[in-house]
Amino acid sequence: MKLRSATQLASAALTLAALTFAAPATAADKIDPVADAKAFKKFFTDKFPKVKLEDFVNGPYSMDEGLHRQWEEKEQFPPYEFSLDMGKEMFTKPFKNGKTYEDCFPNKGIGIRQNYPYFDEKEGKVITLELALNRCREANGEPPFSYVRDEMAALTAYMAFTSRGKPFDIKIPNDPRALEAYQRGKEYFYTRRGQLNFSCATCHVQSPGERIRAEVLAPALGIMNAMPIYRSEWSGMGTTSRRFTTCNSQIRGVPLNPQDDEYRDLEYYLSYVSNGLPISGPGARP
Amino acid sequence: MASTIRVRAIARGDTTEVQALIQHPMDSGYIKDAKGEIIPPHFIQQLTFEYDGKNVFLADWGGGISKDPYIKFAFKGGKKGDDLKISWLDNKGATDTTTAKIQ
Amino acid sequence: MNMPRSALVSILLIANSVCAFAATEADYKAAYAAAEAANKEAAALRNQWTTTAATLAAAKKAADAGDFDAATASAREAEALAKASSFQATSEKERWKDMEIR
């Protein structure tokens with residue numbers, strides 16, 4: 001187990017002297033999401049002591065003064081208004097069979113975004129909001145939307161908006177399959193991939209606040225809270241699926257299919273470790 | 001049909017601050033689509049903000065302005081409750097106009 | 001043979017840039033098949049690189065144009081990329097823990 005700084009190494013050496021930390025973890029480490037989440041938050045709050053916990057959801061804007069000022073101004077008249085309006089219109093418009101999205105979701109789909117993803121114990125898999133929306137469509141005889149295009153982005157933008165301010169409340173039931181899904185998501189997050197050999201952590205754990213080319217990197221803590229995001233780069237609103245797949249191709253890794261197991265598990269992990277932080281979506285990003 | 005123009009004008013002292021967000025593809029005519037074909041130019045060429053019969057802001061735009069443009073400026077004058085008229089004209093001859101009350 | 005050093009160097013460089021033997025279509029096909037097989041393995045590991053596919057495409061393009069030297073070289077590079085991506089997937093199975101926040 002490698003640790004980051006000399007002081008951490010020293011204290012770890014003292015406290016873990018009894019444990020065989022030099023040996024590789026061959027036996028299954030006990031999966032402990034509660035401990036992970038605590039360590040995750042501590043890592044980022046230690047690294048950025050001046051940033052309030054709830055402000056981590058603003059990604060690069062909490063990492064850079066100049067960006068923060070521009071963002072504050074933009075929030076007065078946000079660029080995502082058109083997509084948000086479209087999302088609201090789509091959400092309330094009935095399907096051909098007369099039903100609406102309201103019929104598929106608890107509380108008519110209002111103010112529930114913070115509960116996604118969840119682990120479906122009947123199916124034994126992670127269900128994300130995007131997946132749930134397309135399932136709703138298919139259950140009502142409508143064709144599914146592309147996970148990386150405007151329509152899905154607009155719908156999830158509207159649902160996120162109705163949950164603004166509500167803290168992430170991801171649950172991991174006491175089911176080994178749920179714990180494994182969480183763990184797989186965690187493993188994906190830290191696994192290096194692509195010809196550039198980056199993991200999600202390379203940018204969002206090792207380098208938040210620093211630049212990759214012209215962009216300021218966001219911290220992993222709170223990174224899902226602003227989804228979906230209107231990106232200036234995209235000149236429009238983009239889904240979580242779009243972000244995951246484009247991140248992969250940017251590091252020269254062939255993306256998997258949107259909403260493949262790995263991505264859903266990843267979203268599960270990343271959302272869980274940000275539990276308690278408020279939903280800020282839809283967000284605007286450079 | 002909903003207007004493509006969102007505007008907020010706030011009178012502060014002897015100036016009025018205006019922000020506007022306009023829905024428009026603003027295609028420059030230089031970008032190719034997924035099939036490799038040029039997306040034809042389609043952008044706002046003229047944008048005007050009119051107050052009390054006079055233009056307080058006039059923009060002559062080209063294809064370099066991004067999609068869904070955002071504008072922010074301030075002009076001297078303007079009182080709460082007065083009208084501010086915004087219009088645009090694009091290269092295809094389409095227009096839209098809206099009138100907002102200064103807050 | 002008495003030759004200025006620079007000329008000798010440039011001859012060696014030219015000799016290197018062309019294969020020691022001229023690649024045939026059969027060489028290219030074998031190299032391409034090997035690269036494709038390696039890339040398939042990477043796909044099974046869910047860890048292909050975009051550059052592998054791009055290099056394979058370049059190999060095919062060169063072959064279509066009749067340049068089997070370039071095509072074979074590209075195919076071999078694609079195979080190396082594919083193998084590297086498989087190696088990455090396997091080694092990261094344990095290495096990911098190095099980055100983990102604990």
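This is a chat about the predicted model shown above.

Visitor: What should I know about numbering and cut-offs before I start?

Guide: Residues are numbered from 1 along each chain as its sequence is written, and chains are lettered from A and ligands numbered from 1 in the order in which they are written. The model is predicted, so local features need pLDDT of at least 70 and side-chain atom pairs count only at pLDDT 80 or more, while totals for chains, interfaces and linings use all residues.

Visitor: Start with chain B. How many helices and strands does chain B have?

Guide: Chain B has 0 helices and 7 strands. Helices (H or I, at least four residues) and strands (E, at least two) are DSSP runs, numbered from the N terminus. The C-alpha trace of chain B spans about 55 × 25 × 20 Å along its principal axes.

Visitor: What share of chain B counts as buried?

Guide: Of its 103 residues, 20% are buried. Buried means that 20 or more other C-beta atoms, placed from the backbone, lie within 10 Å of the residue's own.

Visitor: Which strands form the open sheet in chain B?

Guide: The order is β1-β2-β5, 3 strands with antiparallel pairing. β1 and β5 (70-76) are the edge strands, each pairing on one side only. From one strand to the next the twist averages 15°, with axes taken as lines fitted to C-alpha atoms and angles running from 0 to 180 degrees between N-to-C directions. Strands pair if DSSP finds at least two bridges between them.

Visitor: How many bridges join β1(B) and β2(B)?

Guide: There are 8 bridges, in the antiparallel sense. One bridge pair is Arg12(B) with Thr15(B) in β2(B).

Visitor: And β3(B), what does β3(B) pair with?

Guide: β3 (residues 44-51) of chain B pairs with β6 (residues 83-90) of chain B, antiparallel, over 6 bridges. Ile44(B) has Asp90(B) in β6(B) as its bridge partner. β3(B) also pairs with β4 (residues 54-60) of chain B, again antiparallel and over 6 bridges. There, Gln46(B) stands opposite Asp60(B) in β4(B).

Visitor: Which residue takes a positive phi in the hairpin of β3(B) and β4(B)?

Guide: Asp52(B), with phi near 55°; the hairpin has 2 residues between the strands.

Visitor: Now the interfaces. How many residues does the contact between chains B and A take?

Guide: It takes 9 residues from chain B and 6 residues from chain A. Contact means C-beta atoms, placed from the backbone, within 7 Å. On the chain B side, the elements giving two or more residues are β1 (5-12) and β2 (15-22). That side divides into 2 nonpolar, 3 polar and 4 charged residues. Ala, Val, Leu, Ile, Met, Phe, Trp, Tyr, Cys and Pro count as nonpolar, Asp, Glu, Lys and Arg as charged, and the others, Gly among them, as polar.

Visitor: What about chain C against chain A?

Guide: That contact takes 17 residues from chain C and 24 residues from chain A. α3 (50-64) and α4 (68-95) of chain C each give two or more residues to it. By class, the chain C side has 5 nonpolar, 5 polar and 7 charged residues.

Visitor: What is chain C made of?

Guide: Chain C has 4 helices and 0 strands, and 31% of its 102 residues are buried.

Visitor: Last one, α5(A). What do its buried residues pack against?

Guide: They pack against β2 (125-127), α6 (150-161), α9 (240-250) and α10 (261-272) of chain A. The buried residues of α5 (residues 129-139) of chain A include Leu129(A), Leu133(A) and Cys136(A). After α5(A) comes Gly141(A), with a positive phi near 75°.

Notes: Contact = placed C-beta atoms within 7 Å. Buried ≥ 20, exposed ≤ 12 C-beta atoms within 10 Å, placed from the backbone.
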